[in-house]
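Open the model in your viewer and keep the selection panel at hand.

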Amino acid sequence: MSGTFRSLRGFNFRLWAGGAFVSNIGTWMQRTAQDWLVLAELTDKNATAVGIVMALQFGPQVVLLPLTGFTADHFNRRKVLIVTQTCMGLLALGLGVLTISGHALLWHVYVFALLLGCVTAFDAPARQTFVSDLVAESELSNAVALNSTSFNAARLIGPAVAGLLIAAIGSGWVFLINAASYLAVIASLLLLRGTELQRQARAVRARGDLIEGFRYVWNRPDLKAILLMFFLIGTFGMNFAIYISTMSVTVFHGGAGQYGVLTSTMAIGSVTGALLSAARAQPRISMLLAGAATFGMGLAIAALMPNEWLFGVALMVVGIAAQTFTTTANSVIQLSTDPVMRGRVLAIMLALALGGTPIGAPIVGWVADTFGPRWAMAIGAASGIAAALVAIRYLVRHRQLRLHFENGRPRLSVDRRW
């Protein structure tokens, strides 16, 4: 417990992590079933429709930004999460009943995706900042990484199980199983020891709270660089539902089982990346550069793979890179941001990372339909390289990245503090 898993020593974080893990498995099962329902059951392999679902699900992150960051900074996060998790469970239940009864239509999925996006817009910043209520500041970076590990470990299990269940009993039952899984995280929230929760400073309510959040970010060059990188990769790079589903169905001609396995294969890399992040004593911006560059190159390699097995191996590399990037960015932002501003800054981060999906997902889906899924993945690869260039520019401008020569050969070095 003194190393990679040290933050699990605390009862509250251990209980939260257990409940969240069960719920995350259900969430990944639903995501897989929802993508399959749209791509293979309600449309004729229409990747643009999958992109629209993603846009509706993540678009509210931007539209509701003035409210979501305010809620995370000013309200009791534990109570906020109980409400949001309950609503998400009820939405899963409703979609499951519609699908099992045979009445589900494409526009129904669109509506449920939009409603889920609205709830998630409030849930995500509250959930991200709630970790700081569960552990001491010295354990925060490790707890953030382990929280991400739980999410991606569930990603390893959920899609594979969903693929088998879709083939055996249908998508609707997967939605109902996800609805039941929310009971675990709600129970963990109710059972937390109130006396052991970390007391965090609450922001003072005032007009212009969101403006204050943007002003805070604008005066921090490091945060601006990280958020721009997040926007590039979140908008055009992390459209994995489109990449994997279209490659599985149209290139490798597989079924729901193969789609689930490939999604879980990528999760192997994501879990590895999260655990490596948890083992690091201090997150650094230089790791963001490495993660973004590897993400771009990994997607480019994956796009060229001739069969599903090599494609799955390449996805592991992409998973490691993506998780290294997102976990490091989350940790750097939380550790370097004033506690009273964390909710708003994280809400801005999530809005840029996920709220860009309404722009990127339909574009990537259209490219997959028009030119093929390999070209869609090329867009994601370009986003990773572009984000890496942003990190290089930041490090050079702040004299943390230097070009020097050894034995007549040019080499780049990064100050260890960064």
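Which residues of the largest nonpolar core touch the most other members? Select Phe13, Trp16 and Phe311: among the 114 residues of that core, these three do. Helix α1 (residues 11-42) supplies the largest share, 12 residues. A nonpolar core is a set of buried Ala, Val, Leu, Ile, Met, Phe, Trp, Tyr and Cys residues joined through side-chain atoms within 4.5 Å. Helices are DSSP runs of H or I with at least four residues, numbered from the N terminus.

The model is predicted, with local features needing pLDDT of at least 70, side-chain atom pairs counting only at pLDDT 80 or more, and totals for chains, interfaces and linings using all residues. Residues are numbered from 1 along each chain as its sequence is written, and side-chain values use heavy atoms, without hydrogens and water.

Next, select Trp16 and its contacts (heavy atoms within 4.5 Å). Not counting residues up to four places away in sequence, Trp16 touches Leu81, Arg127, Phe130, Leu134, Asn147, Val185, Ser188 and Leu189.

Move to Gln128 in helix α6. Is Gln128 buried or exposed? Gln128 counts as buried, because its relative accessibility is 18%; buried means under 20% relative accessible area, exposed over 50%, and partly exposed in between (1.4 Å probe, protein chains only).

Finish at Leu105, in the loop between α5 (77-100) and α6 (106-134). Leu105 is partly exposed, since its relative accessible area is 44%.

Terms used: Helices (H or I, at least four residues) and strands (E, at least two) are DSSP runs, numbered from the N terminus.
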